[in-house]
Amino acid sequence: MRFLDHNRFSSRKIWGRKPFITMMTDLSFLDFHTHHLNSGENSESIYNARFSEFDSLPKTQRISLGIHPWYIEENTVEEQLQIIEKAIQAKRIATLGECGLDRLTSAPLPVQESVFERQLILANEYQMPVTIHCVRTFPEVIQLVKRLKIKTPLIVHGFNNKPEVVQQLQKYDFYFSLGEALLQDESNAVKCLKMISLDRLFLETDAQEISISSIFAAASKHLNIPVSILKDQIWRNFQRITPIP
Ligand SMILES: [Zn+2]
């Protein structure tokens, strides 16, 4: 029974009295990407840290750290890249990000591309997963990944784009993290959900004031899969890509 090798079961008596199905529902929800430090009840999260608070965060909190295209300050990039690299070496971060490209923000695209490129190269060197912010720049992101021959896990977060984009990204083995858009039945995210291989899926709350359990409930409804199975699958996906336990 493969799902018994999950970390969350390790301290439990696997063959105790508790019925197996109850044990599965005990698994916490994993919020793959959030800007809120306090995850909800029965959930764990990857908190997207700001550079200014990074050192003071509790060591038990999983975090991601990266240079967001909205907040590029060219005179701090080198210093921030060094902070990211030290954090990777110290096994302090679960993913590098969020970082990426955004056609609607003020920083010129070539500047964004050079900062993103540096982060992709760094992540690839250490085989760190990358949480990617991508707004109207999927061709550019794919080009960069191809040109740089990036082989580390890449996760497009907040995905709510067309099915054709899923197909393109799947050719390059991207992961997808879906969030709030799953709460709207007619969204692209709902249309794409069934196309995404379950072993390439994550769920998130991002900056929204919503619970991760509501996102899992929506995904479970649209996929017609029990929440408990989804929780287990997403923990396995995370454990497959993360360099830290
Ligand atoms: Zn975000």
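## Overall make-up

Among contacts between residues at least 6 apart in sequence, 68% join residues at least 24 apart. Contact here means that the C-beta atoms of two residues, placed from the backbone, lie within 7 Å. The model is predicted: local features need pLDDT of at least 70, side-chain atom pairs count only at pLDDT 80 or more, and totals for chains, interfaces and linings use all residues. Residues are numbered from 1 along each chain as its sequence is written.

The protein has eight helices and eight strands. Both are DSSP runs, numbered from the N terminus: helices are H or I with at least four residues, strands E with at least two. Of the 245 residues, 38% are buried. A residue is buried if 20 or more other C-beta atoms, placed from the backbone, lie within 10 Å of its own, exposed if 12 or fewer, and partly exposed in between.

The eight strands form an open sheet with parallel pairing, in the order 1-2-3-4-5-6-7-8. Strand 1 (29–34) and strand 8 (201–203) stand at the edges; each has a single partner strand, so one side of each lacks a neighbour in the sheet. From one strand to the next, the twist averages 25°. Two strands count as paired if DSSP finds at least two bridges between them.

Helix 3 (residues 109–126) packs on this sheet and touches strand 4 (95–102) and strand 5 (130–135). The direction of helix 3 makes about 155° with that of strand 4. Such angles run from 0 to 180 degrees between N-to-C directions, and axes are lines fitted to C-alpha atoms, for helices over the stretch in contact.

## Strand 3 and its partners

Strand 2 (residues 43–48) pairs with strand 3 (residues 62–65) in the parallel sense over three bridges. Ile46 has Arg62 as its bridge partner in strand 3. Tyr47 has Ile63. Strand 3 also pairs with strand 4 in the parallel sense, over two bridges. There, the bridge partner of Leu65 is Leu96.

In a regular strand the side chains alternate between the two faces of the sheet. Both faces of strand 3 are covered. Arg62 and Ser64 on one side are buried, as are Ile63 and Leu65 on the other.

The largest nonpolar core has 57 residues. Such a core is a set of buried Ala, Val, Leu, Ile, Met, Phe, Trp, Tyr and Cys residues joined through C-beta atoms within 7 Å. Leu96, Val130, Leu182 and Leu203 have the most contacts inside the largest core.

Most residues other than glycine have a negative phi, and most peptide bonds are trans. A cis peptide bond joins Gly97 and Glu98, with omega about 0°. Glu98 is placed in strand 4.

## Helix pairs

Helix 2 (residues 77–89) packs with helix 3 at an angle of about 20°, their axes 11 Å apart. The two are therefore roughly parallel (angles under 35 degrees count as roughly parallel, over 145 as roughly antiparallel, 65 to 115 as roughly perpendicular, the rest as oblique). Val77, Leu81, Ile84, Glu85 and Ile88 of helix 2 make the contact with Val115, Arg118, Leu122 and Tyr126 of helix 3.

Helix 7 (residues 212–223) and helix 8 (residues 227–241) pack at about 110°, with axes 9 Å apart. That makes helix 7 roughly perpendicular to helix 8. Phe216, Ala217, Ala219 and Ser220 of helix 7 meet Val227, Leu230 and Lys231 of helix 8.

## Loop residues

Asn161 lies in the loop between strand 6 (154–156) and helix 5 (163–171). Asn161 counts as buried because it has 21 C-beta neighbours inside 10 Å. Its C-alpha atom is 9.5 Å from that of Arg136, 25 residues away along the chain.

Two loop residues have positive phi. Asp173, with phi near 70°, lies between helix 5 and strand 7 (175–178). Asp173 counts as exposed, with 12 C-beta neighbours inside 10 Å. Asn224, with phi near 60°, lies between helix 7 and helix 8. Asn224 has 7 C-beta neighbours inside 10 Å, so it too counts as exposed.
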